[in-house]
Amino acid sequence: MNMHIDQAKRILAQNDRGGYTVPTDRLYPFQWNWDSAFVAMGFALYDTDRAYRELERLVEGQWADGMIPHIVFHAPSETYFPGPDVWHTKHAIPTSGITQPPVFAIALRKLHEAAGKGAEARTLPLYEAALKWHRWWYSARDPDGTGLVALLHPWESGSDNSPAWDIALARVPTTTDTLVVRKDTGHVNADMRPRDEDYRRFIHLVDTYAACGWDPAKQWEKASFKVAEIQTTAILLKAGEDLEHLASLFDRTEEAIEIAAFNDRTRKALMAQWRPELARFVSRDLISGEDVEAATQAGFIPLLSLDLDKQVADALVSEMKAWSKDLKVAFPTTKPGIASWEPKRYWRGPAWAIINWLLIDGLKRNGHTAVAEELRKSTLAAIETEGFAEYFDPVTGQGCGGLGFSWTAAAYLWLER
Ligand code: DGY
């Protein structure tokens with residue numbers, strides 16, 4: 001028996017706070033949206049009841065308009081900023097007011113398949129929650145019907161301080177109505193976290209949207225940060241495929257047609273973001289109207305949900321190989337060696353097991369099974385060497401950020417099976 005499997009399960013048990021899992025103790029003491037979807041897939045491998053609970057508890061935070069918030073504050077904690085008092089949202093259970101990548105329906109389909117006979121009764125309410133959320137994405141975050149969904153806050157990408165936001169975020173003022181009292185740097189070395197200036201901008205955006213009463217149309221109008229983003233859109237499309245599959249399985253024919261239409265529009269829009277000269281896909285800054293050319297992992301995530309021509313897939317893979325050359329742990333979240341590359345600072349270079357998981361699935365989908373297998377093995381080896389860290393320095397392999405991290409444990413279980 002592989003002892004790391006036991007350790008991974010132990011971490012998930014330790015981070016359980018009553019049917020939901022915190023990403024890690026103290027640094028992230030609440031339920032996070034996309035973290036929970038990855039965690040549910042981990043649980044689905046050995047405890048489907050607990051996996052359903054994870055998603056059910058997340059949906060307790062769903063808003064009437066369909067949005068599933070990025071944090072659900074089930075129980076108070078003093079170890080995190082910004083807590084519920086900063087967000088001023090109106091939901092019965094306190095939540096943040098922004099969202100996160102919609103991995104939920106990807107997890108739900110896997111869970112439904114793992115649960116087998118009798119699963120439908122438990123899957124259906126979650127399917128309905130997911131459908132409401134996908135409708136929210138298309139109405140609130142793509143009001144012009146382009147097929148690409150926009151983020152109004154870098155935290156919505158899950159890749160908080162990625163170089164992808166450097167130009168767009170620089171336009172956001174550093175002034176805030178809220179006192180910024182960071183707690184994260186009390187838990188983790190400041191060199192591994194976003195900078196103070198980033199935090200002031202993050203909170204400026206929170207203040208702005210709170211002043212809009214969290215109304216999506218008002219936020220859209222007032223947003224000083226608005227990026228039609230390819231990583232989130234690619235995840236939405238994969239989740240949309242899985243949702244369409246569940247709709248057909250449950251004979252929800254009209255809903256299946258509705259979801260298929262979302263998916264078709266997004267498929268075409270995402271493909272149009274391919275830039276052969278960069279050998280990557282690019283996001284679009286909706287305020288400047290320009291491509292986001294920063295070299296980050298997001299440019300490769302469309303592998304997950306597009307069936308690419310061989311020429312395009314080969315070009316992506318050879319670019320990925322060039323970025324990974326000489327690294328101890330792939331895949332870097334910023335192209336090594338460029339000015340914005342910081343191999344220990346959160347989303348500005350480190351390798352993350354859940355990003356590798358998405359890339360591995362995308363590589364397999366597009367016929368690059370050997371490269372997928374190499375990435376799978378190196379992700380497992382990084383965890384076995386350094387433990388279940390939040391992320392890894394790609395140059396040294398050092399485990400960084402929070403330790404005993406839930407989604408790294410879930411990724412280990414999933415990739416090891
Ligand atoms: C944080 O607080 O670091 C989170 O990533 C925001 O969701």
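Biologist: By class, how many nonpolar, polar and charged residues does the shell around the ligand have?

Modeller: Happy to start there, with the reminder that this is a predicted model. The shell has six nonpolar residues, one polar and two charged. Its members are Tyr 28, Trp 32, His 70, Tyr 80, Trp 155, Asp 160, Arg 193, Tyr 199 and Tyr 346.

Biologist: Which side chains place an N or O atom 3.1 Å or 2.8 Å from an oxygen atom of the ligand?

Modeller: For His 70, the distance from a side-chain N or O atom to a ligand oxygen is 2.8 Å. Trp 32 has a polar side-chain atom 3.1 Å from an oxygen of the ligand, and for Tyr 346 the distance from a side-chain N or O atom to a ligand oxygen is also 3.1 Å. On its own the ligand has 230 Å² of accessible area, and the protein covers 96% of that.

Biologist: And what is the space taken by the ligand?

Modeller: That space is the largest cavity.

Biologist: Let's turn to the rings. How many aromatic pairs does the structure hold?

Modeller: There are 35 aromatic pairs. To describe such a pair, you give the distance of the ring centres and the angle of the planes. Take Trp 155 and Tyr 199: their ring centres are 6.0 Å apart and their planes stand at 70°, so this pair is edge-to-face.

Biologist: Why does the pair tie together parts that are 44 residues apart in sequence?

Modeller: Because Trp 155 belongs to the loop between strand 3 (150-151) and helix 7 (166-170), whereas Tyr 199 is in helix 9 (residues 196-211). Both residues are also among those around the ligand.

Biologist: Is phi of His 88 positive or negative?

Modeller: Positive: phi of His 88 is near 50°, and this residue is not a glycine. You will find His 88 in the loop between helix 4 and helix 5 (104-115).

How values were computed:
Residues are numbered from 1 along each chain as its sequence is written. This is a predicted model: local features need pLDDT of at least 70, side-chain atom pairs count only at pLDDT 80 or more; totals for chains, interfaces and linings use all residues. Side-chain values use heavy atoms; hydrogens and water are left out. A residue is near a molecule or strand if one of its heavy atoms lies within 4 Å of it. A polar contact is a pair of N or O atoms within 3.5 Å; within protein, one must be able to donate a hydrogen and the other to accept it, and residues adjacent in sequence count only if both atoms are side-chain atoms. Accessible areas come from the Shrake-Rupley method with a 1.4 Å probe; for residues, only the protein chains shown count as cover. On a 1 Å grid over the protein atoms alone, a cavity is a set of points where a 1.4 Å probe fits but cannot get out, and a pocket is an open set with protein on both sides within 12 Å along at least five of seven lines; lining residues have an atom within 4 Å of a point. A molecule sits in a cavity or pocket if more than half of its atoms lie within 2 Å of its grid points. Ala, Val, Leu, Ile, Met, Phe, Trp, Tyr, Cys and Pro count as nonpolar, Asp, Glu, Lys and Arg as charged, and the others, Gly among them, as polar. Rings of Phe, Tyr and Trp (its six-membered ring) pair if their centres lie within 6.5 Å; planes under 30 degrees apart count as stacked, over 60 as edge-to-face and the rest as tilted. Helices (H or I, at least four residues) and strands (E, at least two) are DSSP runs, numbered from the N terminus.
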